Amino acid sequence: MTAPVLVGITGATGVIYGVELLRALRALGQPAHLILSEWGAQTLALETDFDLDEVRGLADEVHANKDLSAAVASGSFPTRGMVVAPCSVKTLSGIANSFTCNLMIRAADVTLKERRPLVLVFRETPLHKGHIDLMARAADMGAVLLPPVPAFYTRPASVADIVRHTVGKILDQLGIDHEVTPRWNGPARNAP
């Protein structure tokens, strides 16, 4: 059986990135486990029309953020990697400082110690030195910082196109083949 991708959704703005990642993984036949923080659930209601049960239904398994005894809290549980999308400052700080106070941060810590891909879709701007220091620390530990920065060579026609571009970048980091978003093929091939 294929090892699942672990998807964490925090309360930072941009929960649509986590939701669309879950949808893409489902469409690609890639199993996914979900950790949804309490604030992530609230932000989902504020920012989208998705029902909480609908989002949970996109995952093969859902783990409570308070459950530090969950299988994904152990390195013996195989995963393809973990993505925190969006990643809040609080979660980034917990990861960068190995402060495993909840399952999201513990699972990220396990992902790093097992040398599996950890992708952090950090959602904050502008940045102060503390944010930059935390990102550098997480990167030094092996995390990939992937802020949702749109590419315009794809000529996005909607916010959904911009979100899918970031999801495609995330899937690339996990080594998952996809056609979620157009790829750059040079100026002649990408011209309208």
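Residues are numbered from 1 along each chain as its sequence is written, and side-chain values use heavy atoms, with hydrogens and water left out. Because the model is predicted, local features need pLDDT of at least 70 and side-chain atom pairs count only at pLDDT 80 or more, while totals for chains, interfaces and linings use all residues.

The protein contains 8 helices and 6 strands; helices (H or I, at least four residues) and strands (E, at least two) are DSSP runs, numbered from the N terminus. Read from the N terminus on, the order of elements is β-α-β-α-α-β-β-α-α-β-α-β-α-α. For 192 residues, a compact globule would have a radius of gyration near 16 Å, and the protein agrees with its 16 Å. This radius is taken over C-alpha atoms, and the globule rule is 2.2 Å times the number of residues to the power 0.38. Along the principal axes, the C-alpha atoms fill a box of roughly 50 × 40 × 35 Å. Contact here means heavy atoms within 4.5 Å. Among contacts with a separation of 6 or more, 77% join residues 24 or more positions apart.

Next comes the interior. Of the 192 residues, 48% count as buried, where buried means under 20% relative accessible area, exposed over 50%, and partly exposed in between (1.4 Å probe, protein chains only). A nonpolar core is a set of buried Ala, Val, Leu, Ile, Met, Phe, Trp, Tyr and Cys residues joined through side-chain atoms within 4.5 Å. The largest such core has 29 residues, and V7, L21, L22, L25, L34, V83 and I170 have the most contacts inside it. At least two residues of this core come from each of β1 (5-9), α1 (15-27), β2 (32-36), β4 (81-87), β5 (118-122) and α7 (159-174). The largest share, 7 residues, is supplied by α1. Beyond residues up to four places away in sequence, L25 touches V5, V7, Q30, A32, L171 and I176. A second, separate core of 24 residues includes C87, I95, L120 and L134.

On a 1 Å grid over the protein atoms alone, a cavity is a set of points where a 1.4 Å probe fits but cannot get out, and a pocket is an open set with protein on both sides within 12 Å along at least five of seven lines; lining residues have an atom within 4 Å of a point. Grid points are joined across faces, edges and corners, and a volume is the space filled by probe spheres set on the points. The largest pocket has a volume of about 220 Å³. Its lining includes T10, W39, N65, K90 and M104, and α2 (38-47) and α4 (89-96) each supply at least two lining residues. The search of the whole structure finds 1 cavity of 30 Å³ or more. About 40 Å³ of space lies in the largest cavity, and helix α5 (residues 103-113) gives the most to its lining, with 3 residues.

Finally, V144 is found in strand β6 (residues 144-145). At 27% relative accessibility, V144 counts as partly exposed. Leaving aside neighbours within four places in sequence, V144 is in contact with L118, V119, L120 and Q173. The C-alpha atoms of V144 and V121, 23 residues apart along the chain, are separated by 8.6 Å.
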